[in-house]
Amino acid sequence: MTTLFVGGTESISDEGVSQDSLYRQTVDTFSSSLDRLARAYELDPEARRDLLQEIHLHLWSSLAHFDRRCSLRTWVYRVAHNVATGHVIRQRRIRSKLVSIEDIETLPGGDWSEFAAGQAEALQRLSVLIRRLKPLDRQIIVSYLEGMDAASIGEITGLSSGNIAMKVHRIKNILRRWFGGGLHAE
Amino acid sequence: MPSDPMNDPRNIWQNQPTEPFHMSTDEIRRKAQQHYTEARMGALLSIAMGLGLCALSAWASARAHETVTRMGWALLSLWCIYFAYQAYRWMWPDRLAPDATVSTSLEFYGRELDRRRDHALHIWRRGGLTFCFLGMAMVVLPPLIQSPAAQRLNALPFFVLLIIWIAAFIVLRKRKRQKIQQEIDELRAYRGDISKNPPPAG
């Protein structure tokens with residue numbers, strides 16, 4: 001486990017914004033997104049709460065070093081995804097079964113275009129799909145589902161825009177196949 | 001194709017029910033402190049165990065009559081110091097490097113995989129296992145050789161199990177390393193030129 005930096009006191013950035021107030025701002029803005037992100041990495045509710053807590057601990061700790069070279073959103077997602085990736089890497093048995101977007105693309109998806117059965121079922125299917133993916137691919141699909149554009153996903157993951165475009169294209173194909181309609185061309 | 005927004009996976013994902021996060025900043029700070037203290041206690045325990053075993057081995061070395069056995073215990077004693085040092089080096093909670101979790105996912109994941117591959121590659125050397133097994137052999141084998149044949153036969157299952165364990169250790173380590181290397185190669189491909197793997201048309 002990565003050890004946390006425990007500064008003890010609030011550090012003040014150049015702009016005079018303290019670590020604590022930045023953290024509060026982060027929680028106000030990204031609390032729901034972080035909860036969804038944790039759901040993409042952990043199925044078990046108890047373990048998910050622990051993961052979410054770990055993400056918040058690292059976020060608070062990292063904000064002491066926030067230098068505004070990237071947006072707060074990029075910073076928050078990088079930290080959150082990296083902590084969650086660390087969580088996946090530690091689960092060796094699960095990690096060995098993860099696949100890539102390219103592998104999923106070759107699997108039959110079935111027709112879910114008539115999933116009037118309910119949003120809950122669709123969400124469950126989406127979650128199953130996400131949790132089968134390797135960490136980097138999982139980050140891309142979660143970022144895509146959160147509504148981010150290719151440039152933002154690239155900032156978080158470090159992948160080139162070409163790679164992101166290719167991955168997003170494949171994600172759209174998979175989602176279209178797994179969920180039928182509803183995917184609007186962008 | 002229907003375009004009902006409620007059928008859009010993005011809408012489904014973003015509209016899922018979430019739970020609010022209830023910890024205050026003070027609680028977060030307290031938790032961080034607690035994590036640090038726990039990690040330090042774990043490291044201290046391992047260091048103390050290493051030093052304790054070192055003292056025990058040194059004591060056994062001083063009491064041994066056979067030269068080879070005495071050297072074996074001395075070697076084990078030195079290995080225990082090495083173990084304590086390794087526990088300090090790898091387990092002691094250091095301050096988090098500013099870029100530990102804020103780097104891009106590609107860098108972070110690549111670094112984690114490199115670390116795991118190196119660990120699998122060097123675990124024998126970093127664990128000082130050669131000295132550990134050599135010391136144990138020097139302690140165990142002389143009395144075993146001098147003992148009657150029947151007693152030597154009794155020790156046979158232990159040595160067979162030891163050989164099986166070492167063989168399994170080597171095979172599993174190699175398999176683990178290959179798997180990690182495969183993932184590292186995949187990441188390298190991402191860093192490479194996109195033109196090698198162009199996006200599909202359409």
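Student: Which scores does the model have as a whole?

Tutor: The model scores ipTM 0.80 and pTM 0.73.

Student: What is the mean pLDDT of chain B, and which of its elements have the lowest and the highest values?

Tutor: For chain B the mean pLDDT is 81, with 86% of its residues at 70 or more. Among the elements of chain B, helix H3 (residues 67–91) has the highest mean, 90, while helix H4 (residues 105–126) has the lowest, 80.

Student: Where in chain B does pLDDT stay under 50?

Tutor: Where pLDDT is low, the predicted coordinates should not be read in detail. In chain B, pLDDT stays under 50 over residues 193–202. For this stretch the model has seven contacts beyond four places in sequence.

Student: Let us turn to helix packing. How do the axes of H1(A) and H2(A) cross, and is the crossing left-handed or right-handed?

Tutor: In chain A, the axes of helix H1 (residues 19–41) and helix H2 (residues 45–62) come within 10 Å and cross at roughly 145 degrees. The crossing of H1(A) and H2(A) is right-handed.

Student: Which residues meet there?

Tutor: Those of H1(A) include Tyr23(A), Leu34(A) and Ala38(A), and those of H2(A) include Leu51(A), Ile55(A) and Trp60(A). By class, this contact of H1(A) with H2(A) has nine nonpolar, one polar and three charged residues.

Student: How is chain A divided into domains?

Tutor: Chain A has domain 1 (19–93) and domain 2 (98–179). The centres of these two domains of chain A, taken over C-alpha atoms, are separated by 20 Å. Twelve residues of domain 1 of chain A are in contact with twelve residues of domain 2 of chain A.

Student: Which element gives the most to the side of domain 1 of chain A that touches domain 2 of chain A?

Tutor: Helix H3(A) gives the most to that side, with six residues. By class, the side of domain 1 of chain A that touches domain 2 of chain A has six nonpolar, four polar and two charged residues.

Student: Finally, why is Gly50(B) called buried?

Tutor: A residue is buried if 20 or more other C-beta atoms lie within 10 Å of its own. Gly50(B) is buried because 20 other C-beta atoms lie within 10 Å. The place of Gly50(B) is in helix H2 (residues 25–63) of chain B. Leaving aside neighbours within four places in sequence, Gly50(B) is in contact with Cys80(B), Ile81(B), Phe83(B), Ala84(B) and Ala87(B).

Key
Residues are numbered from 1 along each chain as its sequence is written. Chains are lettered from A and ligands numbered from 1 in the order in which they are written. This is a predicted model: local features need pLDDT of at least 70, side-chain atom pairs count only at pLDDT 80 or more; totals for chains, interfaces and linings use all residues. Axes are lines fitted to C-alpha atoms, for helices over the stretch in contact, and angles run from 0 to 180 degrees between N-to-C directions. Helices (H or I, at least four residues) and strands (E, at least two) are DSSP runs, numbered from the N terminus. A crossing is left-handed if the near helix is turned anticlockwise from the far one by less than a right angle, and right-handed if clockwise. Two residues are in contact if their C-beta atoms, placed from the backbone, lie within 7 Å. Ala, Val, Leu, Ile, Met, Phe, Trp, Tyr, Cys and Pro count as nonpolar, Asp, Glu, Lys and Arg as charged, and the others, Gly among them, as polar. pLDDT is the predictor's confidence in each residue, from 0 to 100. Domain bounds come from an automatic or database domain assignment. A residue is buried if 20 or more other C-beta atoms lie within 10 Å of its own, exposed if 12 or fewer, and partly exposed in between; C-beta atoms are placed from the backbone.
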